[in-house]
Amino acid sequence: MDSVTNLRFDVAVVGAGPAGMAAALATADSGHTVGLIDDNPAAGGQIWRAAYNSARPAASSIWFDRLNKSAVQVVRGARVFHAAEGELAAESDDSVIQISYGKLILTTGARELFLPFPGWTLPNVMGAGGLQALVKSGLDISGKRVVIAGTGPLLLAVAACASKCGAKVVGICEQTTGAQMARFGLRMMLVPGKAAEAVRFACDLRGIPHWTDCWPIAAFGNRRVETVRISRQGQTSEIECDYLACGFHLIPNVELPRMCGCRLRENFVPVDEYQQTSVPGIYCAGEPTGIGGLELALVEGEIAGYAAANWEDRAKHLFARRARHQKVVRILRDAFPLRPELKNLARPDTLVCRCEDVPHQRLCEHGSWRAAKLHARCGMGPCQGRVCAPAAEFLFGWRIDSVRPPLFPVRCSSLAAIPSHSAPRN
Ligand SMILES: Cc1cc2nc3c(=O)[nH]c(=O)nc-3n(C[C@H](O)[C@H](O)[C@H](O)COP(=O)(O)OP(=O)(O)OC[C@H]3O[C@@H](n4cnc5c(N)ncnc54)[C@H](O)[C@@H]3O)c2cc1C
């Protein structure tokens with residue numbers, strides 16, 4: 001039987017990425033007890049994932065130093081799978097953690113959108129951010145040929161990272177148009193700090209082909225991917241590779257906000273000027289409120305942290321900075337809309353739900369996500385629809401608006417540890 005740990009915080013923060021770290025530190029300054037809970041072995045989130053090895057990015061050091069010196073209790077390796085009023089339940093490798101809180105800040109970040117195409121389930125075809133995470137965790141890709149495909153600025157970050165680690169990046173296939181990409185570059189130059197970032201990227205990516213109007217059609221190989229067929233400005237060609245890293249921009253992790261009863265708008269969590277959600281005492285910051293990058297995540301986190309500590313004056317001082325970085329949300333949304341051709345990549349036998357082996361043709365028989373779940377078991381596997389549900393939303397235009405506890409598959413003993421009165425608000 002797992003042990004049960006009980007924790008109580010004035011303010012609980014779920015997600016220890018940049019937004020969560022900033023939120024926790026802002027609240028802790030006020031003397032409130034703060035718990036920062038994350039399912040990874042260390043704080044840092046997606047962008048500062050390398051923080052627990054030697055490759056910590058310099059810009060993050062100040063945040064890690066502050067966190068180490070603060071009174072924030074970091075609860076590592078604990079995944080929150082249940083939420084009820086004033087309570088959370090998280091599972092770690094060997095225990096269940098029951099957390100009660102006065103106020104809650106949700107900083108659960110984002111994940112990549114994957115779209116199915118023939119061959120996307122072959123070994124060594126993976127998410128772009130997924131490849132980056134593996135490399136940051138020690139995967140040796142030196143000398144390997146890598147094709148990076150999909151859409152959004154993450155492709156550039158992954159290409160730069162792979163190239164620095166010795167991979168031969170054969171090309172970046174960006175589905176958006178050349179005109180949209182150029183406009184994106186110009187608009188980003190006007191956002192504080194982004195011009196320097198653009199120059200850094202330009203240096204890191206020198207010599208790497210960057211094709212616009214370009215996307216993967218199929219991947220081939222025997223035991224792993226060997227070739228990817230791409231469409232590039234209307235022409236089809238094949239490229240040999242050892243890895244195909246593929247991601248179609250980011251989607252917010254809104255399952256926990258939804259379980260907490262927070263209202264959603266177009267799959268994001270709307271918040272007031274103090275980052276408070278539709279549920280009083282529950283705040284949200286970072287990617288779930290809009291995909292806007294590191295600086296926005298940090299400033300939103302700080303505002304949420306100060307607001308949760310009743311330090312409205314301090315929060316107000318940050319409104320202008322937030323407004324400047326909020327521009328990025330609009331710039332990204334305008335630059336990387338998914339083109340309709342991507343809806344036609346999957347063949348009838350292409351798996352859409354890879355947990356439950358549900359091919360595209362089985363989904364075509366249904367008219368809604370609910371029907372597809374009930375009749376084809378789509379989204380019923382271990383990832384709980386995190387991969388296939390957003391893909392199905394794009395492919396079929398289905399609305400996906402429910403969440404079922406537990407948020408992640410957990411041990412029976414973890415479920416048994418939830419008090420019987422503790423029902424989700426949703
Ligand atoms: C795969 C990936 C790679 C990226 N790489 C880059 C990059 O190289 N450069 C760049 O500029 N931007 C990158 N980004 C974007 C970057 O993450 C954002 O710009 C920003 O830093 C987001 O910060 P955040 O705090 O909102 O979220 P995140 O950094 O995503 O942090 C959220 C944290 O919450 C945790 N979490 C979520 N749900 C739970 C739960 N139920 N229980 C416990 N913990 C939970 C997550 O594991 C994560 O650690 C990447 C995004 C993704 C998805």
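**Exercises on a predicted model**

Leaving aside neighbours within four places in sequence, Ile105 is in contact with Val11, Ala12, Val13, Val14, Ala23, Thr27, Tyr283, Ala304, Gly305 and Ala308. The exercises below concern a predicted model.

**Exercise 1.** Determine which residues touch the most other members of the largest nonpolar core, and which element gives the most to this core.

*Solution.* 
Step 1. The largest nonpolar core holds 37 residues. Val13, Met21, Leu36, Trp63, Leu67, Val72 and Ile105 touch the most other members.
Step 2. Two or more residues come from each of β1 (3–14), α1 (18–28), β2 (34–37), α2 (58–69), α8 (294–308) and α10 (319–335).
Step 3. Helix α8 gives the most, with nine residues.

**Exercise 2.** Describe the domains of the chain and the interface between domain 1 and domain 2.

*Solution.* 
Step 1. The domain assignment gives domain 1 (3–111 + 251–333), domain 2 (114–248) and domain 3 (347–413).
Step 2. Between the C-alpha centres of domain 1 and domain 2 there are 29 Å.
Step 3. At the interface, 12 residues of domain 1 are in contact with 11 residues of domain 2.
Step 4. The size of an interface is often given as the accessible area lost when the parts come together. Here domain 1 and domain 2 bury about 1,000 Å² between them, and 64% of this area is on carbon and sulfur atoms.
Step 5. Of the area that domain 1 buries against domain 2, Arg49, Ile331 and Leu332 supply 43%, more than any other three residues.

**Exercise 3.** Identify the ring over which the charged end of Arg314 sits and the ring whose face lies under Arg79, and give the count of aromatic pairs.

*Solution.* 
Step 1. The charged end of Arg314 sits over the ring of Trp311, 3.8 Å from the centre of that ring.
Step 2. Arg79 lies over the face of Phe408, 4.1 Å from the ring centre.
Step 3. The count of aromatic pairs comes to five.

Methods: Residues numbered from 1 in each chain as written. Predicted model: local features only at pLDDT ≥ 70, side-chain atom pairs only at ≥ 80, totals over all residues. Heavy atoms only, no water. Phe/Tyr/Trp six-rings, centres within 6.5 Å; stacked < 30°, edge-to-face > 60°. Lys NZ or Arg CZ within 6 Å of the ring centre and 35° of its normal. Core = buried A, V, L, I, M, F, W, Y, C linked by side-chain atoms within 4.5 Å. Buried < 20%, exposed > 50% of the residue type's maximum accessible area, 1.4 Å probe, protein only. Helix = DSSP H or I, 4+ residues; strand = E, 2+ residues; numbered from the N terminus. Contact = heavy atoms within 4.5 Å. Domains from an automatic or database assignment. Buried area = accessible area lost by both parts, 1.4 Å probe.
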